[in-house]
Amino acid sequence: MKMKIKKMILDDFKGVSHEEYDFSKLTKVYGKNGTGKTTLADAFYFLFTDNNYALTNRPDIRPNDDHDCIPTVELVLDVDGVEISAKKMQKKKTSKPDDTGVSKVTILNSYEVNSIPMTLRDFTAYFTERGVDLDKFIMLSHPEVFMSEKQDEMRKVLFSMASEKSDVDIAALLPETKKAAEMLTSYKISEIEAMEKASRKKAQD
């Protein structure tokens, strides 16, 4: 599965009242501090995970003046050659004051795919059917999250993405693993690991 961002549209999202960003070509995002670079990353993660780039859950994405609005993130995606529009909107509902004069504020998120309203469950199911594993989304798209995992877990995730290739195919891709590829034609990984362990012990002795 290949997913590419073609366009991002923000409305009343943090400091952006309305803006459309074209990512159809190779795009570099640069600028001075405070000009909105992180806002783009925040919007990307908010749409799929309800986090921002700092991985804060349920982040405050409303404009600083807190005017009545519906912050919206829309991504136009290319998923294996199929164009998909994914949208997430955040509505704020304020109840009438109670006897003590306190109003309850409720934040509600709603979703759309290709202009079709969806619940979070349907939204997640739609992308799962398209081959997008949202459970692995943060790990595979956020370098700090990926590098914080144990080596075995990183290998497990990466190799699960290459299920159509055998261990030999993968090992043969790089010169430094060519010897391993040759050994894999005759031995299993567990056997190679055992031989390597025995060789290290012999060298230490």
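The structure is a predicted model, in which local features need pLDDT of at least 70 and side-chain atom pairs count only at pLDDT 80 or more, while totals for chains, interfaces and linings use all residues. Residues are numbered from 1 along each chain as its sequence is written, and side-chain values use heavy atoms, with hydrogens and water left out.

**Overall picture**

Let's start with the fold. The protein has eight helices and six strands; here helices (H or I, at least four residues) and strands (E, at least two) are DSSP runs, numbered from the N terminus. Reading from the N terminus, the order is β-β-α-β-β-β-β-α-α-α-α-α-α-α.

The C-alpha trace spans about 80 × 40 × 40 Å along its principal axes. The radius of gyration of the protein is 23 Å, whereas a compact globule of 205 residues would be near 17 Å. That radius is taken over C-alpha atoms, and the globule rule is 2.2 Å times the number of residues to the power 0.38.

Of the 205 residues, 29% count as buried; buried means under 20% relative accessible area, exposed means over 50%, and partly exposed lies in between (1.4 Å probe, protein chains only).

Contacts (heavy atoms within 4.5 Å) tell a further part of the story. Among those in the protein with a separation of 6 or more, 45% join residues 24 or more positions apart.

**A look at helix α2**

Helix α2 covers residues 120-129, and its buried residues are F123, Y126 and F127. Viewed down the axis of α2, these buried residues fall within an arc of 90 degrees, so they line one face of the helix. The arc is that of the directions from the helix axis to the C-beta atoms. R121 and E129 are exposed on the other side of α2.

What covers the buried residues of α2? The cover includes helix α1 (37-49) along with the strands β3 (72-79), β4 (82-94), β5 (105-113) and β6 (116-118). Just after α2 comes G131, with a positive phi of about 95 degrees.

Most residues other than glycine have a negative phi.

| Residue | Phi | Relative accessible area |
|---|---|---|
| L55 | near 65 degrees | 33%, partly exposed |
| R58 | near 50 degrees | 49%, partly exposed |

T39 sits in helix α1. Is T39 buried or exposed? T39 is buried, with a relative accessible area of 11%. Leaving aside residues up to four places away in sequence, T39 touches L10, F13, K14 and V16.

M1 belongs to the segment before β1 (3-13). Not counting residues up to four places away in sequence, M1 touches V79, D80, R130, G131 and V132. M1 and V73 are 72 residues apart in sequence, and their C-alpha atoms are 23 Å apart in space.
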